[in-house]
Amino acid sequence: MIAYFNGKFMPRDEIAISPNDRGFLFADGLYEVIRSYQGRLFQLDAHLARLARGAEHLRFSRNGYGDLSKICERLVTENDLTDADALIYIQVTRGVPPTRLHYFPDAETPLTVYATAQPFTPDPDIPQKGLTVTLVPDQRWARCDIKTVGLTANVLAVQQAREMGAAEALLVRDGCIMEGAKSSFLVVSRGTVIAPPLTNYILGSITRQVVETLCREENIPFAARPIYQDRLAEADELLQAGTTFEVAPVVKVLGVDREWPAGPVTRKLQEAFKNKRFTIRCA
Ligand SMILES: Cc1ncc(COP(=O)(O)O)c(C=O)c1O
């Protein structure tokens, strides 16, 4: 596999990352996961804009990280993925200082930039049969809106879900379901699609943004409102949205005494997502 590392395209196995890298020592870095459908990068600009916003929040130096859209496109061709489904992974860290000190390295220290493209085969059952998920306390930090590589709380939540036979963990903070550990969470209630308000406790999901746009196009009401854990059973439909899940129905939440067969709004959104994903222009 050909990967990109600090200005070069090279076999991934030949990449050597310094043990002093800020990403390794402090999880002081950002990442993005982008879907490529038959060589077409889905919502690339939105992903790169989120990365740029994260870089600003983390006060990354202005040394920059190259033309990432060109890098992503070249990775797809270098790896023969123009006719396949693939996932692009980008990671940018604060670079490699000479010693481990918490404060920022010298301003001239280049960022570390790493990117890959690899084939992705989604589970074909998920869109039809839906997901079983579970509820887990949200133990993340207070800047979940920044997509950093500091994912230990997410890792623990997903592992807990996996051990319970669930595909995703819904993260609960102060009685509200914020999002999944690796995807967004939305419900449908009396015909309205509801997603939690975008605060510092939730990632600005690109797929959720696409869902909001599709709702507008399909005349489905959309509202940003808290989703209370203790009122979940009243919702008519539940769904996860994300780069890997796309739009997937949630059919079971462990511990909640009810099941949700995939409903008409979810099906309509799945259909619209499939048909319109390359024409959609998010606000
Ligand atoms: C915590 C979290 N929420 C939501 C999402 C979905 O975001 P996107 O639609 O941009 O893939 C992700 C995806 O990685 C995530 O990690």
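**Reading the model together**

Modeller: Gladly! This is a predicted model. Let's begin with helix 5, residues 152-163: its 12 residues reach 16 Å from the first C-alpha to the last, close to the 16 Å expected at 1.5 Å a residue.

Colleague: How should I picture the side chains along a helix?

Modeller: In general, an α-helix has 3.6 residues a turn, so residues three or four places apart point the same way.

Colleague: Which residue with a positive phi follows helix 5?

Modeller: That is G165, with a phi near 85°.

Colleague: Next, the domains. Where does the assignment place them?

Modeller: Domain 1 covers 2-119 and domain 2 covers 126-276. Their C-alpha centres lie 27 Å apart. Where the two meet, domain 1 contributes 17 residues to the contact and domain 2 contributes 10.

Colleague: Which element gives the most to the side of domain 1 that touches domain 2?

Modeller: Strand 3 does, with seven residues. Strand 3 (29-37) and helix 2 (44-57) each supply at least two residues of that side. Sorted by class, the side of domain 1 that touches domain 2 has seven nonpolar, seven polar and three charged residues.

Colleague: And the ligand: how many residues surround it?

Modeller: There are 13, and the closest are S205, I206, T207, G242 and T243. Helix 6, residues 206-217, provides the largest share of this shell, three residues.

Colleague: What classes of residue make up the shell around the ligand?

Modeller: Four are nonpolar, six are polar and three are charged.

Methods: Residues are numbered from 1 along each chain as its sequence is written. This is a predicted model: local features need pLDDT of at least 70, side-chain atom pairs count only at pLDDT 80 or more; totals for chains, interfaces and linings use all residues. Helices (H or I, at least four residues) and strands (E, at least two) are DSSP runs, numbered from the N terminus. The expected span of a helix is 1.5 Å times one less than its number of residues. Domain bounds come from an automatic or database domain assignment. Two residues are in contact if their C-beta atoms, placed from the backbone, lie within 7 Å. Ala, Val, Leu, Ile, Met, Phe, Trp, Tyr, Cys and Pro count as nonpolar, Asp, Glu, Lys and Arg as charged, and the others, Gly among them, as polar. A residue is near a molecule or strand if its C-beta atom, placed from the backbone, lies within 6 Å of it.
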